[in-house]
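Me: Could you help me learn to read a protein structure, step by step? I would like to begin with the surface.

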Amino acid sequence: MADNTPILITGASGLVGTALIQRLQQTHPGRPIHVLSRRPDEVERSIGGTVRAFGWSPSEGTLDHEALEGVGHIVHLAGEPVAQRWSAETKQRIRDSRTGALHLLKTACVGASFCPRIISASAVGLYGSAADIKTEASPAGRGFLADVVQEWEDAAVGLGNLGGGHVALRIGLVISANGGVLKRLLPIYRMGLGAPLASGTQFQSWIHIDDLVNLFIMALDRQDWSGAYNAVAPKAVSQQEFSQTLAEVLRRPHFFPNVPASALRLWFGDAAEALLASHNVHPKRLLEAGFKFQFPLLNAALKNAVSH
C-alpha cells in the first residue's frame, strides 16, 4: 500500500474496525487514519497513533467535513448490531446505520467534489437462507436482512459511482474471541453447556478475523478489485459441526440436546431469522484473485481464536 493518503474509517470501535486499525498501524505506521465517530475525543484518546477522529451522526445527518480532507479511501464498517431483538425501531436503526450513513457520506463527497474509493462491509445475509452453494453471481434472497444488505450494497455502489469505484465484502460469521458471536458462546461452551441450534443441519459460512483484516487491506491496495466478494473461508460447515468443533477445541463435552428453533423464536422474536438461516457461501472471486487464507479450516481458526 504505497499510497500515503489518509484512510477514512467508520465503525472503527467495532470488532473489525479495531483489528483493522491495529494492523494498519503495524504494517503502515505512517499512513494517516481518519475516523468518524459519535464520540471523537474518546475514540482518538483510546486509539492514538496516526488516528484523527471526527464527529458525525448519521441519524441526525451531521458530519465534520474536515474528515474528508485528502482522503483516498473510505472503509465503511458502521452498523447497528443485528444480534438483538427486533422492533420496528431497531429494524430502522439497522437499515439507517448502514445505508443512511453511506448516503450521508455521498452527500458530503458531492458537496466537496470528492471521489474516494469505497470499501464497504456487506454480509452473506444478502443470499437469504438456503442450503445450496452461493457465489457472488447468485441472486439476492428474500427477507428483511437480504433487503437491508441489498440496500447497503446499492448505497456503496452509488458512492463508488462518483468516480472512485467500490468493493463490497460479504462477510460471514467472524471468528474472534474479542467480540461477535464467539465471545458470547465461549462462556457457555467452557462450562460444557454448548449445543447446536435447531436442526443443526443449517450451514454457517465463517471467516477468521485475521483473514478478514487481510481482505480489507488487499481491497485498499488492489485497485483492480471491484464489486462484491464473498468474505468467507472456502468451506462452510453445518451448525452441528461448528458446535461440535468448538467443544472439541475447548476440550469440553458436547452432549446437550439441540436448542429448539421455537425457543430461539420465543427469545429473539423475528431476529431468530439470523440465527436459524443457512448460508453455504463460496469465496469464488477471492480464490480467483489469488487470495490465500491463513485459516481455511474451522478447527485451526477456532484454536487460534481461543488461544488469544
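**Reading the fold**

Reply: Happy to! The protein chain has an accessible surface of about 13,700 Å², and 53% of that belongs to carbon and sulfur atoms. Such areas come from the Shrake-Rupley method with a 1.4 Å probe. This is a predicted model, where local features need pLDDT of at least 70, side-chain atom pairs count only at pLDDT 80 or more, and totals for chains, interfaces and linings use all residues. Residues are numbered from 1 along each chain as its sequence is written, and side-chain values use heavy atoms, leaving out hydrogens and water.

Me: What share of the 308 residues is buried?

Reply: Buried means under 20% relative accessible area (1.4 Å probe, protein chains only). Here, buried residues make up 53% of the 308 residues.

Me: How many helices and strands does the protein chain have?

Reply: Helices (H or I, at least four residues) and strands (E, at least two) are DSSP runs, numbered from the N terminus. This protein chain has eleven helices and 14 strands.

Me: And how do strands make a sheet?

Reply: Strands of a sheet pair through backbone hydrogen bonds, either parallel or antiparallel. Two strands count as paired if DSSP finds at least two bridges between them. In this model, eight strands form an open sheet with mixed pairing, in the order 4-3-2-1-5-6-8-12. Strand 4 (62-63) and strand 12 (227-231) are at the edges with a single partner strand each, so one side of each has no neighbour in the sheet.

Me: Which way do strand 1 and strand 5 run, and how many bridges join them?

Reply: Strand 1 (residues 7-10) and strand 5 (residues 73-76) run parallel, joined by four bridges. Ile7 has His73 in strand 5 as its bridge partner.

Conventions: Buried < 20%, exposed > 50% of the residue type's maximum accessible area, 1.4 Å probe, protein only.
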